[in-house]
Amino acid sequence: MPAELPQRPQGGAPVREPTHTAPLAAARRRRLRADRARQLADLLRHQVLTGGFPDGVLPLEDAVAADHRVSRNTVRQAFELLRAEQLVERLPGVGTVVVAEKYPHGLDRLKGLAETLHEHGRVSNEVRAMGPVTAPPPVADRLRLPAYTEVLYIERLRRLGGVPLSLDLTYVPMDVGVELLGADLENTDVFRLIEKITGQPLGTAGITLEAVNADAHSSAVLEAPRGAAVLMLERLTHLSDGRPVDLEFIRFRGDRITMSGVLRRSL
């Protein structure tokens with residue numbers, strides 16, 4: 001049986017909408033504006049990070065609104081999202097300018113950080129700790145070593161142009177690590193040294209990338225706010241013969257690095 005239609009009150013007066021309908025409609029409109037602002041911020045962020053604004057100044061709000069067919073309010077909200085990420089800033093008399101640079105870190109080739117970012121400046125290494133430690137079972141297992149075997153532990157702060165970029169915690173089997181003890185780790189990537197020591201090229205690496213909150217130690221070393229999100233790259237690197245030889249936990253400042261790669265679909 002079909003549902004009954006609302007009856008008009010006597011006298012033909014129109015049926016009033018429920019009082020909550022107007023606030024709900026307004027909330028939906030606000031949500032749509034927020035969605036559009038976020039979508040626009042994603043597009044502008046890509047341009048900011050890939051040099052889309054060579055002079056470092058974003059177009060005026062009217063020009064962005066016209067290009068993307070959105071309102072000026074949406075553009076303002078998108079700019080505000082980028083400002084909150086500390087990528088841009090509003091300067092009186094100038095406009096919205098790029099104030100931060102993120103460095104691209106490729107995920108489709110196995111390289112050390114200095115090799116990856118060489119065109120952006122010199123990567124320096126501050127060796128904060130280095131020495132033999134007893135490998136916890138998860139570390140020994142990943143490196144295919146008996147539990148509680150000694151491995152070489154290295155903690156390095158990596159800087160680009162003097163600015164803190166990453167905190168690297170590395171575990172290396174001791175037969176390789178003993179040769180690293182006297183090596184120049186401040187100016188040479190561990191990858192290059194491992195290849196020289198073993199006489200083999202590196203082969204493959206398995207990686208896991210996730211966002212984690214910076215603990216007190218990491219935030220102090222990286223000069224990042226405590227609790228700020230950092231990019232955690234876990235990487236297990238193998239020699240060309242398949243032997244695992246380097247287990248790393250690398251915390252990158254998320255406001256200074258961007259990860260990218262090329263993925264190919266295989267059927």
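Student: Which residues of α3 are buried?
Tutor: In this predicted model, the buried residues of α3 are Thr74, Val75, Ala78, Phe79 and Leu82. Buried means under 20% relative accessible area, with exposed over 50% and partly exposed in between, for a 1.4 Å probe and protein chains only.

Student: Where do they sit around the axis?
Tutor: They lie on the same side of α3, because they cover an arc of only 135° around the axis. The arc is taken over the directions from the helix axis to the C-beta atoms.

Student: Why would residues a few places apart point the same way?
Tutor: An α-helix has 3.6 residues a turn, so residues three or four places apart point the same way.

Student: What span should α3 have?
Tutor: Its 13 residues, 72–84, should span 18 Å at 1.5 Å a residue, and the end C-alpha atoms are 18 Å apart, which agrees. The expected span is 1.5 Å times one less than the number of residues. Helices (H or I, at least four residues) and strands (E, at least two) are DSSP runs numbered from the N terminus.

Student: Switching to β8: how many of its residues are buried?
Tutor: Eight of the eleven residues in 229–239 are buried, so β8 is largely enclosed by the rest of the structure.

Student: Which strands pair with β8?
Tutor: β7 (residues 202–213) pairs with β8 in the antiparallel sense over ten bridges, and β9 (residues 244–253) pairs with β8, also antiparallel, over nine bridges. Pairing requires at least two DSSP bridges between two strands.

Student: What is in the β8 and β9 turn?
Tutor: Four residues separate the two strands of this hairpin, and glycine 242 in the turn has a positive phi of about 95°.

Student: What about numbering and cut-offs?
Tutor: Residues are numbered from 1 along each chain as its sequence is written, and side-chain values use heavy atoms, leaving out hydrogens and water. Local features need pLDDT of at least 70, side-chain atom pairs count only at pLDDT 80 or more, and totals for chains, interfaces and linings use all residues.
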